[in-house]
Amino acid sequence: MKNTVLFLLILMISTIAVAQEPLETSIDPSEISFAPKEVLSSAVFEFNFEEEAEITYHIFKDEIEVFSEVIQKGLNPLVKKVDLSALPSGAYIVKVKSSGVELKQFAITKQ
């Protein structure tokens with residue numbers, strides 16, 4: 001009985017330790033850009049790294065997510081035009097994530 005309890009305790013501790021490991025990515029955030037910062041109807045993402053990745057960008061206004069999209073990036077650098085014409089005027093934050101890790105964020109103004 002003691003061995004069973006000890007085994008279960010060790011199993012639980014190792015599971016918790018593995019679950020708490022931080023997520024990592026090899027993507028360099030300096031290789032991601034978003035322009036212009038003052039937007040009329042569209043903007044452009046540039047992903048200048050070589051790895052394949054699933055990139056998700058989220059657009060927030062007043063800490064509320066108003067839009068998100070998943071981009072499947074291949075081996076080559078990628079330029080992605082983003083249509084923001086449906087968003088009302090105001091200040092927004094764009095957060096870029098991959099594998100659950102926030103890579104970069106941008107402050108933009110929609111005019």
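**Figure 1. Leu78 in strand β6 of the predicted model.** Leu78 belongs to strand β6; helices (H or I, at least four residues) and strands (E, at least two) are DSSP runs numbered from the N terminus. This is a predicted model, in which local features need pLDDT of at least 70 and side-chain atom pairs count only at pLDDT 80 or more, whereas totals for chains, interfaces and linings use all residues. Residues are numbered from 1 along each chain as its sequence is written, and side-chain values use heavy atoms, with hydrogens and water left out. With a relative accessibility of 24%, Leu78 counts as partly exposed, because buried means under 20% relative accessible area, exposed over 50%, and partly exposed in between (1.4 Å probe, protein chains only). Apart from residues up to four places away in sequence, Leu78 touches Phe45, Glu46, Phe47, Ile71 and Lys73, where contact means heavy atoms within 4.5 Å. Between Leu78 and Ile32 the C-alpha to C-alpha distance is 9.8 Å, and the two are 46 residues apart in sequence.

**Figure 2. The open sheet β1-β3-β6.** Three strands, in the order β1-β3-β6, make up an open sheet with antiparallel pairing; two strands pair if DSSP finds at least two bridges between them. The edge strands, each pairing on one side only, are β1 (32–35) and β6 (78–83). Direction ignored, neighbouring strands of this sheet are turned by 20 degrees against each other on average, the axes being lines fitted to C-alpha atoms, for helices over the stretch in contact, with angles from 0 to 180 degrees between N-to-C directions. Strands β1 and β3 (residues 42–47) run antiparallel and are joined by four bridges. Ile32 has Phe47 in β3 as its bridge partner.

**Figure 3. The largest nonpolar core and the surroundings of Val96.** The largest nonpolar core has 23 residues, of which Phe45, Ile55, Leu84 and Val96 touch the most other members. Such a core is a set of buried Ala, Val, Leu, Ile, Met, Phe, Trp, Tyr and Cys residues joined through side-chain atoms within 4.5 Å. Two or more residues of this core come from each of β1, β3, β4 (53–61), β7 (90–98) and β8 (101–110). Beyond its neighbours within four places in sequence, Val96 is in contact with several residues, among them Ile32, Phe45, Phe47, Ile55, Val101, Leu103 and Phe106. Thr56 is also in contact with Val96, as well as with Glu69, Val70, Lys95 and Lys97, leaving aside neighbours within four places in sequence. Thr56 lies in strand β4 and, at 17% relative accessibility, counts as buried.

**Figure 4. The aromatic pair of Tyr57 and Phe67.** Six aromatic pairs are found in a search of the whole structure. Rings of Phe, Tyr and Trp (its six-membered ring) pair if their centres lie within 6.5 Å; planes under 30 degrees apart count as stacked, over 60 as edge-to-face and the rest as tilted. Tyr57 and Phe67 form a tilted pair, with 6.1 Å centre to centre and 45 degrees between the planes. Tyr57 lies in strand β4 and Phe67 in strand β5 (residues 64–73), so the pair ties together parts that are 10 residues apart in sequence. Tyr57 is buried at a relative accessible area of 1%, whereas Phe67 is partly exposed at 35% relative accessibility.

**Figure 5. Lysine side chains over aromatic rings.** Lys61 lies over the face of Tyr92, 5.0 Å from the ring centre. Lys95 is placed over the face of Phe60, at 4.9 Å from the ring centre. A charge sits over a ring if NZ of Lys or CZ of Arg is within 6 Å of the ring centre and within 35 degrees of the ring normal.

Figure 6. Most residues other than glycine have a negative phi, and most peptide bonds are trans. Glu63, although not a glycine, has a positive phi of about 65 degrees. Ser99, not a glycine either, has a positive phi of about 55 degrees.
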